[in-house]
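Biologist: I am new to this one. Can you show me the structure and take my questions on its labels?

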Amino acid sequence: MTFRCLGRRVIKANFRGGAIRSDGGLVLLRQLDRRLGLSKAVAQALNDPRAPNRITHALQDLVAQRL
């Protein structure tokens, strides 16, 4: 796909993708977090004011998701 020129520059796009990954190394980061226990330590240090009987997702899971 070719777009209009931008000055002397030609803009082209292709959608072949090649050897790309959508996880961006997230599997490695998850393993590192599990080994170091970072999300667990952060979750233990935080105060969780939520009602225990209404919790669906553990605080540690929410912290890990943000990491």
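Modeller: Let us start with a pair of charges. Arg-50 and Asp-48 form a salt bridge, with 2.8 Å between their closest N and O atoms. Keep in mind that this is a predicted model.

Biologist: Why is the pair Arg-50 and Asp-48 called a salt bridge?

Modeller: The cut-off is 4 Å between a side-chain nitrogen of Lys or Arg and a carboxyl oxygen of Asp or Glu. The closest N and O atoms of Arg-50 and Asp-48 are 2.8 Å apart, so the pair qualifies. The structure holds one salt bridge.

Biologist: What about Ala-41: buried, exposed or partly exposed?

Modeller: Ala-41 is also found in helix α2, which covers residues 38-45. Its relative accessible area is 42%. That lies between the 20% and 50% limits, so Ala-41 is partly exposed.

Biologist: How far is Ala-41 from Asn-14?

Modeller: Their C-alpha atoms are separated by 44 Å, and the two residues are 27 apart along the chain.

Biologist: Now the whole chain. Which elements does the protein chain have?

Modeller: It has three helices and zero strands. Along the sequence the pattern is α-α-α.

Biologist: How do you know that the protein chain is more spread out than a compact globule?

Modeller: The globule rule gives 11 Å for 67 residues. The radius of gyration is 22 Å, well over that value, so the chain is more spread out than a compact globule. The C-alpha trace spans about 60 × 25 × 20 Å along its principal axes.

Biologist: What share of the residues is buried?

Modeller: Buried residues make up 7% of the 67. The chain exposes about 6700 Å², and carbon and sulfur atoms supply 54% of that area.

Biologist: And how far apart are the mean positions of the positive and negative charges?

Modeller: The chain has 13 positive and 4 negative charges, and their mean positions are 16 Å apart.

Conventions
Residues numbered from 1 in each chain as written. Predicted model: local features only at pLDDT ≥ 70, side-chain atom pairs only at ≥ 80, totals over all residues. Heavy atoms only, no water. Helix = DSSP H or I, 4+ residues; strand = E, 2+ residues; numbered from the N terminus. Rg over C-alpha atoms; globule rule 2.2 N^0.38 Å. Buried < 20%, exposed > 50% of the residue type's maximum accessible area, 1.4 Å probe, protein only. Areas by Shrake-Rupley, 256 points an atom, 1.4 Å probe, with all protein chains shown as cover. Lys, Arg positive; Asp, Glu negative; His and termini not counted. Charge placed at Lys NZ, Arg CZ, Asp CG, Glu CD.
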